[in-house]
Amino acid sequence: MDRSKASYFRSLPLLSGLRKAELDPIVASAQRMSLGRAEAVFRPGDPARHAFWVASGVVKLAIAVAKGRELTLHLHGKGQLFGEGALLAPDAPRHARASAHESAAVWAVPYEAFAPILALPEYSARLGRLVEDRRRRIERRLALLQRESLCRVAGVLLEIAEEAGVRDSRGVILGMKLTHREIAGLIGSTRETVSFALMDLRRSALVQVEERRLVIVDPNGLRLLAESDRRE
């Protein structure tokens, strides 16, 4: 068995602590998929037969909204699970589209390989906590849609910083490059609105831009803005 592949799965939080005999069927059944930019992993209506982990790059999960636009629900980075619905309701139709944010690679694992693991209370509880955390995140994102665009941009930048932020002397560097259009997808808005909001945040010395990467200079100030109840 490929040692690097086995090491990757052993390092995953959801699977940590499994005995070799319990983990081996998952590792053996995992198939690697290489994806070009915007290439789909699954689409709405596809049956949920696999769960996926990001091996490299970033995978975007999005749903269609009014006027042909997409609302990005989540950006999954290396080591993160997505498509977990296959573990809860196998073969049920997908409701979202998962695609490579840029070039990416993922591990696809058939839901059958997880059945023995999910019979263990500790691991079914871990999956339950993960699903609940994601449900709360989506609820927060939907609540943000009622607020002023500046608050929405601030909130989504903080969310990304929590998962893919690197702290240094300048502040918190977001661990992925995002265009204004991509940020717009995260808040259900337009590229132009995001551009104006980011200019306001820069003028307020809350963020700065370095080589297409955003740096949160004042996390506390950004959080106060994100939590304010300013409405459109």
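A polar contact is a pair of N or O atoms within 3.5 Å; within protein, one must be able to donate a hydrogen and the other to accept it, and residues adjacent in sequence count only if both atoms are side-chain atoms. Such a pair occurs at S228, where the side chain reaches the backbone oxygen of L225 at 2.6 Å. The structure is a predicted model, in which local features need pLDDT of at least 70 and side-chain atom pairs count only at pLDDT 80 or more, while totals for chains, interfaces and linings use all residues. Residues are numbered from 1 along each chain as its sequence is written, and side-chain values use heavy atoms, with hydrogens and water left out.

The protein chain has nine helices and 12 strands (DSSP runs, numbered from the N terminus: helices are H or I with at least four residues, strands are E with at least two). Its radius of gyration is 19 Å, close to the 17 Å that the globule rule gives for 232 residues, so the chain is as compact as a globular protein of that length. The radius is taken over C-alpha atoms, and the rule is 2.2 Å times the number of residues to the power 0.38. The C-alpha trace spans about 55 × 40 × 35 Å along its principal axes. Of the 232 residues, 46% are buried (under 20% relative accessible area, with exposed over 50% and partly exposed in between; 1.4 Å probe, protein chains only). Contact means heavy atoms within 4.5 Å. Among contacts between residues at least 6 apart in sequence, 73% join residues at least 24 apart.

Four strands form an open sheet in the order β9-β10-β12-β11, with antiparallel pairing (two strands pair if DSSP finds at least two bridges between them). The edge strands are β9 (165-168) and β11, each pairing on one side only. From one strand to the next, the twist averages 30 degrees (axes are lines fitted to C-alpha atoms, for helices over the stretch in contact, and angles run from 0 to 180 degrees between N-to-C directions). Two bridges link β10 (residues 171-174) to β12 (residues 213-216). Here I173 stands opposite V215. On the β11 side, four bridges join β11 (residues 207-210) to β12. V215 is the bridge partner of Q208 there. The hairpin of β11 and β12 has two residues between the strands, and E211 takes a positive phi near 50 degrees in it.

S228 lies in the segment after α9 (219-227). The residue counts as buried, at 18% relative accessibility. Leaving aside neighbours within four places in sequence, S228 is in contact with R147 and C151.

A108 belongs to another strand, β8 (residues 104-110). With a relative accessible area of 6%, A108 is buried. Not counting residues up to four places away in sequence, A108 touches S29, A30, Q31, M33, H50, A51 and F52. A108 and I26 are 82 residues apart in sequence, and their C-alpha atoms are 9.8 Å apart in space.
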